[in-house]
Each structure stands twice: as structure tokens, then as C-alpha cells.
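This report describes selected strands, helices and residues of one protein model.

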Amino acid sequence: MSVKVSNLSKVYGTQRAVDDISFEVNKGEVLGFLGPNGAGKSTTMKILTCFIPQTTGSAIVCGFDTTSEPLEVTKKIGYLPENNPLYTDMYVREYLEFAAGLHKLGAITASRINKMIEITGLGVESKKKIGQLSKGYRQRVGLAQAMLHDPEVLILDEPTSGLDPNQIVEIRSLIKQLGKDKIVIFSSHIMQEVQAVADRVIIINKGKIVADDSTANLQNMVGNETVITVEFKEQVNRNIFSSIPSLKSVEQTKDGKWSFVSDGDKDIREDIFKFATQKGLTILQINKAEHSMEDVFKELTNK
């Protein structure tokens, strides 16, 4: 079970929306697909789900070619598009029965619908028309539809859009769980979501892949400075810090804490503790800041 993209391109006139990208995703992986607006994320997802054809290159989903075997590909894929198109005049259960008919689920229709309603937390809303639902619950209906036929591959474009914080936690947990025995590819503009859910991240910019690695490795790519944040009990003047070894710069933050930047990857927390002891200062809090996915994203997409 895999999704294999080879030298894939999509050209609209003079614009190369996707420009010769290649990657492979295997069973048990949750892949975060990131990029600025217009980078080519949704175009790639639409090619993988057979909504549009590529200009050149190939996309193979679970052994089937998206160009020559689109019906077989769609059987393997569950897709939640960004705009989540739904029939708003249908009831939730009625809509899922309609989707089950398209997938020809037959005798297992009722059990699958009941399971999806339970998994996505739609129980209390399942007897309403989709048009009466909040945006968050409509998103849940879209997720239920995408998972209804138990696909081997889930492609989710902004899956937590419109959800409240509690719902977001639930859906993130669900994606992690599904990723244990499926392939999950999801796009998101929420960097914390990517860190929380994805095993691996692909960042695409101007149609090209600019990074493909684990979240931990990507965070180590950005910058060569170490930042230590310290809160002292006493009021201090920044000039007294000049004797700390390997200190590149120090600034006081708006909340009264101090931000120390060291040269290279040197961790100067021990030096700061020794300095504070010598000066009779009390440290209330000390933290080593990690590079965030926001830092990685800005660094790689602003080039």
C-alpha cells in the first residue's frame, strides 16, 4: 500500500502550478502537506484523487494509475476537499446513505454509517438536515463521508477548518489513530496541528518541494542559534550579562523575562545558572526555546 508521485507537473497556460515533484508515502504514515496559498497543495491533491489530470509525470495510488485507472484509484481513496461540498437539503444519515450507495457498500451500509457517526461525534446532530448544522459539524459530515468506505488512503484538505478547540483535539486524535494502518495525507495552515499529528512533512513552494522530512529534523534545519528564556526574581540591568560565555545577544521581553541568544548550538543554561549564583540572583524560570514549524515554514517559503 503506497502513494507514489513521480516527476508530477501541472501547467495552466504559462503557470506551473505543480513543477516536477516526486515523493512516496507508505502505510502507517501521516504526511503533513504544507505550503503558502497558491503553492500547489490542492492541485496535487486533486490530481491524486483524479479530479484533474496532470500535465506530465505519474501518480500511482495503491498500485493504480490516476490517469489510466481512475475508478480503481477512487475506490482506494477517501477525500475531504477544502470547500467540503455537501447537499445541504439532505439529512445527515440520508446523505451518508447516498454516499454509501455510490461506493456500493450494500449489506454493510448501516453498520458503516453507525460507526462513522460514532467516530466523528455526529450522534446528536444525525437527524438534522446538513443545512441546519454549524460549520464544525458540517466538517464532521465531510470526514464521515471520506472514511465511510474504509479507504486505504485518506486525503484531507484542511480537515479541522471551522472546528472548535475541543473538536480539533478529537479530530487530530482520530487522524493519528487512522494513520496507524492507513496512509493519511493532510494539508493545514495550523503549524501546531502539523507538529501534533504528522510523522513527516512535505513543504511545497511555487510548485516545487522545498523540504521533505520528519518534523524534528525540519525544526533543526532553521538557524544555528540557541535561545534561552529566563525569568529572574530581581530587577536586573542587561549590562551585567556581558560576562556570560558564548553569549551573542540578550534582550528583555515585554513580559519582563530575558532572552539570551548564544553562538551556534551551545546550550548556555549552565553558564546562566553559574552567573546567577555568583550575582546572587534567583531564577524563577528558565527555558530553552525550540525552533517551531512556523520558523521552518517562513525560512523555506520566503526564499
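In which strand is Ile-209 found? Ile-209 is located in strand 10. The model described here is a predicted one.

## Ile-209 and its surroundings

The relative accessibility of Ile-209 is 27%, so this residue counts as partly exposed, the range for that class lying between 20% and 50%. Leaving aside residues up to four places away in sequence, Ile-209 touches Ile-21, Ser-22, Phe-23, Ile-202, Ile-203 and Ile-204. Ile-283 is 74 residues apart from Ile-209 along the chain, and the C-alpha atoms of the two are separated by 44 Å.

Six strands make up an open sheet with mixed pairing, in the order 6-7-8-3-9-10. Its edges are strand 6 and strand 10 (208–213), each of which pairs on one side only. From one strand to the next, the twist averages 15 degrees.

Within this sheet, strand 3 (residues 30–34) and strand 9 (residues 200–205) run parallel and are joined by four bridges. Gly-32 has Val-201 of strand 9 as its bridge partner.

## Strand 6 and its neighbours

Strand 6 (residues 77–80) is covered on both faces. Ile-77 and Tyr-79 lie on one side, Gly-78 and Leu-80 on the other, and all four are buried. Strand 6 is parallel to strand 7 (residues 153–157), with four bridges between them; opposite Tyr-79 stands Ile-155 of strand 7.

Helix 5 (residues 135–147) lies across both strand 6 and strand 7. The direction of helix 5 is at about 165 degrees to strand 6.

## A buried loop residue

Thr-66 occupies the loop between strand 5 (64–65) and helix 2 (70–76). Its relative accessibility is 7%, and Thr-66 therefore counts as buried, since the cut-off for that class is under 20%. With residues up to four places away in sequence not counted, Thr-66 touches Ile-47, Leu-48, Cys-50, Gln-54, Ala-59, Val-61 and Val-73.

## Packing of helix 3 and helix 4

Two packed helices are described by the angle between their axes and the distance between those axes. For helix 3 (residues 92–102) and helix 4 (residues 109–119), the angle is about 130 degrees and the axes are 10 Å apart. The two helices are therefore oblique to each other. Helix 3 passes helix 4 in a crossing that is right-handed.

Helix 3 contributes Arg-93, Leu-96, Glu-97 and Ala-100 to the contact, while helix 4 contributes Thr-109, Ile-113, Asn-114 and Ile-117. By class, the residues of this contact comprise four nonpolar, two polar and two charged.

Strand 13 (residues 258–262) is mostly covered, with five of its five residues buried. Trp-258, Phe-260 and Ser-262 point one way from the strand, whereas Ser-259 and Val-261 point the other way.

Strand 13 pairs with strand 11 (residues 226–232) in the antiparallel sense over five bridges, and Val-230 stands opposite Trp-258. Strand 12 (residues 247–252) also runs antiparallel to strand 13, to which five bridges join it; here Ser-249 has Val-261 as its bridge partner. Strand 12 and strand 13 form a hairpin with five residues between them. In the turn of this hairpin, Gly-256 has a positive phi of about 90 degrees.

Methods. Residues are numbered from 1 along each chain as its sequence is written. This is a predicted model: local features need pLDDT of at least 70, side-chain atom pairs count only at pLDDT 80 or more; totals for chains, interfaces and linings use all residues. Side-chain values use heavy atoms; hydrogens and water are left out. Buried means under 20% relative accessible area, exposed over 50%, partly exposed in between (1.4 Å probe, protein chains only). Two strands pair if DSSP finds at least two bridges between them. Axes are lines fitted to C-alpha atoms, for helices over the stretch in contact, and angles run from 0 to 180 degrees between N-to-C directions. Angles under 35 degrees count as roughly parallel, over 145 as roughly antiparallel, 65 to 115 as roughly perpendicular and the rest as oblique. A crossing is left-handed if the near helix is turned anticlockwise from the far one by less than a right angle, and right-handed if clockwise. Contact means heavy atoms within 4.5 Å. Ala, Val, Leu, Ile, Met, Phe, Trp, Tyr, Cys and Pro count as nonpolar, Asp, Glu, Lys and Arg as charged, and the others, Gly among them, as polar.
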